[in-house]
Amino acid sequence: MSAPAPAPRFRGIVSGALLLVASGLFGYFGTLPVPLGAGLALGLTGAALALRAQARARLRAIAPVPALAALLVAALASPLGLLPELLAGMAGLAFLAWLADDPTRPAGGLGRARMTLLLPALALGIAWASALLLPSRAAPIGVAGGLLAGALVALAILIARPGAFDREEATI
């Protein structure tokens with residue numbers, strides 16, 4: 001019996017690049033000056049990517065902290081509006097995808113998390129569609145009913161097939 005091969009150090013480049021771009025854009029459209037907002041978001045996210053590439057397990061374990069700090073700073077400096085809110089949701093989805101693509105876990109984490117990421121993506125779509133379709137003062141019953149029906153369908157799928165959203169085996 002041979003020992004398991006060590007995880008490649010640079011697995012997860014796509015999810016890391018996606019997180020870097022999403023957090024940089026989120027920081028860019030904030031209320032902080034552009035070099036400070038985007039630079040801080042890119043610097044903290046870059047630090048998280050560098051920590052994840054380390055060989056020591058302790059450094060890899062704290063890798064999400066700088067990425068969360070980047071998203072927190074960008075969120076605190078973000079104005080209210082359609083584009084910043086969309087970028088916030090996309091950055092959150094990119095962060096979840098990056099977490100799912102952990103190099104210390106078996107390969108294919110992003111594929112296994114596909115159905116799990118579908119729920120936050122659906123929530124982001126519903127929130128953004130409601131921001132675009134619903135007037136700011138009064139919500140028509142038809143649009144609100146359609147959004148509610150979509151949420152109920154997503155909930156019914158989740159309840160009917162819970163195994164489809166949790167495909168990883170439990171480790172004891």
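Start by selecting Phe 95: at 7% relative accessibility, this residue counts as buried, where buried means under 20% relative accessible area, exposed over 50% and partly exposed in between, with a 1.4 Å probe and protein chains only. What you have on screen is a predicted model, in which local features need pLDDT of at least 70, side-chain atom pairs count only at pLDDT 80 or more, and totals for chains, interfaces and linings use all residues. Residues are numbered from 1 along each chain as its sequence is written, and side-chain values use heavy atoms, with hydrogens and water left out.

Phe 95 and Trp 98 form a tilted aromatic pair, 6.1 Å centre to centre with 40° between the planes. Rings of Phe, Tyr and Trp (its six-membered ring) pair if their centres lie within 6.5 Å; planes under 30 degrees apart count as stacked, over 60 as edge-to-face and the rest as tilted. Why are Phe 95 and Trp 98 separated by about one helical turn? Because they are three residues apart in helix α5 (residues 82-100).

Next, colour helix α1 (residues 13-28) and helix α4 (residues 64-76): their axes come within 9 Å and cross at roughly 25°. Axes here are lines fitted to C-alpha atoms, for helices over the stretch in contact, and angles run from 0 to 180 degrees between N-to-C directions. The two helices are therefore roughly parallel to each other, the term for angles under 35 degrees. Pick out the contact (heavy atoms within 4.5 Å): Leu 19, Ser 23, Phe 26 and Gly 27 of α1 meet Ala 67, Leu 71, Ala 74 and Ala 75 of α4. These residues divide into six nonpolar, two polar and no charged; Ala, Val, Leu, Ile, Met, Phe, Trp, Tyr, Cys and Pro count as nonpolar, Asp, Glu, Lys and Arg as charged, and the others, Gly among them, as polar.

Finally, zoom out to the cartoon. The chain has eight helices and zero strands, taken as DSSP runs (H or I, at least four residues, for helices; E, at least two, for strands) and numbered from the N terminus. Of its 172 residues, 28% count as buried.

Technical notes
Angles under 35 degrees count as roughly parallel, over 145 as roughly antiparallel, 65 to 115 as roughly perpendicular and the rest as oblique.
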